[in-house]
Amino acid sequence: SSGMASVHRSPSMAMDVSGLAVSRCGPPAAPGLCFAASGAAPATARVARLAGAGQATPLRSHGPSAGQQGQLQRGCLLGAVVVAAAHFQGRGRRRRPRGPAPRWATTVEMESKTDLAPWEIEEETEDERQARYKREAEEMKLKWDARRLEEKQSAERRVAWAKKEQERASMYGPRDPIIEAYGARMYEEARVIEVRRKQREVYERTKAFKLGKPLPPKGESYITLKPPPVEPSKPEEFDVSGWYYPEEDIEAQKYVAPESYVSPTGPAPPPRHLRGAPRAAWEDPPYGPPNPNHRPGNWPKPGSLPALREKPVKELKHRPKEEDESEEDEEEQGDANLPTAEEARNMKVPELKAALAAAGLSTVGTKAKLLQTLLGAIEG
């Protein structure tokens, strides 16, 4: 009975081992083929043959012993691990790309890092490039011509302003920039009072008009407001004669704060002969000690002296010609406007240009050339 029991137990035990082999290696019909197809080592194939031999004779009277069952189980587990490692290693080797990893989906030769599609990139032809070079060269020429003209006009204006200030200082003394800046600030502060007074006046009169009441009378102006800014003169019409005209100072005296105005910023700075060099804003006193040898100036008030010359009236350069005026009358009038030869030799460059422009002649060239052209027009 014990022998039969062992005989009957051995098939079940063999089937359990074969089932374990099936779960690790594949179908029970050909377990050796599973290991051979996967490229396992010779030792693994030998373990598979042992497993197949054990499964091919499950109904023998003498089943595998406990040692053979453990050897068979360890062989199947080892083979499964080797097959899995080889499988995943092959998958990783196949998925790894050769060469540098591409960062874009396309590998177009003309593709750039502008995030644009290849058909959205505009390629410049050789003709277009040459035309662009030519256009940029012309633009640079115009730019530098304009810059040279601006520098020339700026130099003329600086020279004219220096001459005008020198002539003004000879009549009314040197300017006091500190007092002039204080007067300008006082005018801006007083201007706020006048603007608000006018706004209140307009509000009260508008309110009375809407209610049907008589309009209140207009009040007196606190100060005279400056007119709105106008368009500056053109560079061709800018005064570069360097002559001083007192009309500018006479006009500037209208726009000053009244004497009764008290500024919240503090008192006025002391006169020139009572103050020294200005100090920093946080220092007290704001000015250094005055020069003991400095005496107060006794200069007349700007604009009080008579003008040395009359300010010329600007005439239109392009005046419409009268239809009944003949060419002979124009020539006679041009000859009458020409100065004498002695006056022409004593003229300066601006005067020579003005005389040539009045005669309709060219005003380009040096002083000698301008004088020669004017003398030729006078004599001829």
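## Exercises on a helical chain

**Exercise 1. Work out which helix gives the second largest pocket the largest share of its lining, and where that pocket sits.**

Keep in mind that this is a predicted model.

- Step 1: Helix 6 contributes eight residues to the lining of the second largest pocket, the largest share.
- Step 2: Look for other helices. Helix 5 (126-172), helix 6 (177-211) and helix 7 (247-252) each put at least two residues into that lining.
- Step 3: Now bring in the domains. Domain 1 (126-173) and domain 2 (176-224) both hand residues to the lining, so the second largest pocket lies between them.

**Exercise 2. Describe the second largest pocket by its volume and its lining.**

- Step 1: For volume, the second largest pocket holds about 1500 Å³ of space.
- Step 2: Its lining counts 41 residues, and R168, D176, I179, E180 and P302 are the ones nearest the centre.
- Step 3: Sort the lining by class and you get 20 nonpolar, 14 charged and seven polar residues.

**Exercise 3. Find the buried residues of helix 10 and decide how they are arranged around the helix.**

- Step 1: Go through residues 349-358, which form helix 10, and pick out L352, A355 and L356 as buried. The cut-off for that is under 20% relative accessible area.
- Step 2: Look down the axis of helix 10. The buried residues stay within an arc of 100°, so they line one face of the helix.
- Step 3: Check the face turned away from the buried side: A357 and A358 are there, and they're exposed.

**Exercise 4. Describe the span 344-378, using its annotation and its geometry.**

- Step 1: Check the record. An unreviewed UniProt entry gives residues 344-378 the feature "domain: SAP".
- Step 2: Turn to the model for the secondary structure, where the span is 69% helix and 0% strand.

Definitions and conventions:
Residues are numbered from 1 along each chain as its sequence is written. This is a predicted model: local features need pLDDT of at least 70, side-chain atom pairs count only at pLDDT 80 or more; totals for chains, interfaces and linings use all residues. Side-chain values use heavy atoms; hydrogens and water are left out. UniProt positions are given in the numbering used here, feature names are shortened, and annotations may be inferred rather than shown by experiment. Helices (H or I, at least four residues) and strands (E, at least two) are DSSP runs, numbered from the N terminus. On a 1 Å grid over the protein atoms alone, a cavity is a set of points where a 1.4 Å probe fits but cannot get out, and a pocket is an open set with protein on both sides within 12 Å along at least five of seven lines; lining residues have an atom within 4 Å of a point. Grid points are joined across faces, edges and corners, and a volume is the space filled by probe spheres set on the points. Ala, Val, Leu, Ile, Met, Phe, Trp, Tyr, Cys and Pro count as nonpolar, Asp, Glu, Lys and Arg as charged, and the others, Gly among them, as polar. Domain bounds come from an automatic or database domain assignment. Buried means under 20% relative accessible area, exposed over 50%, partly exposed in between (1.4 Å probe, protein chains only). The arc is that of the directions from the helix axis to the C-beta atoms.
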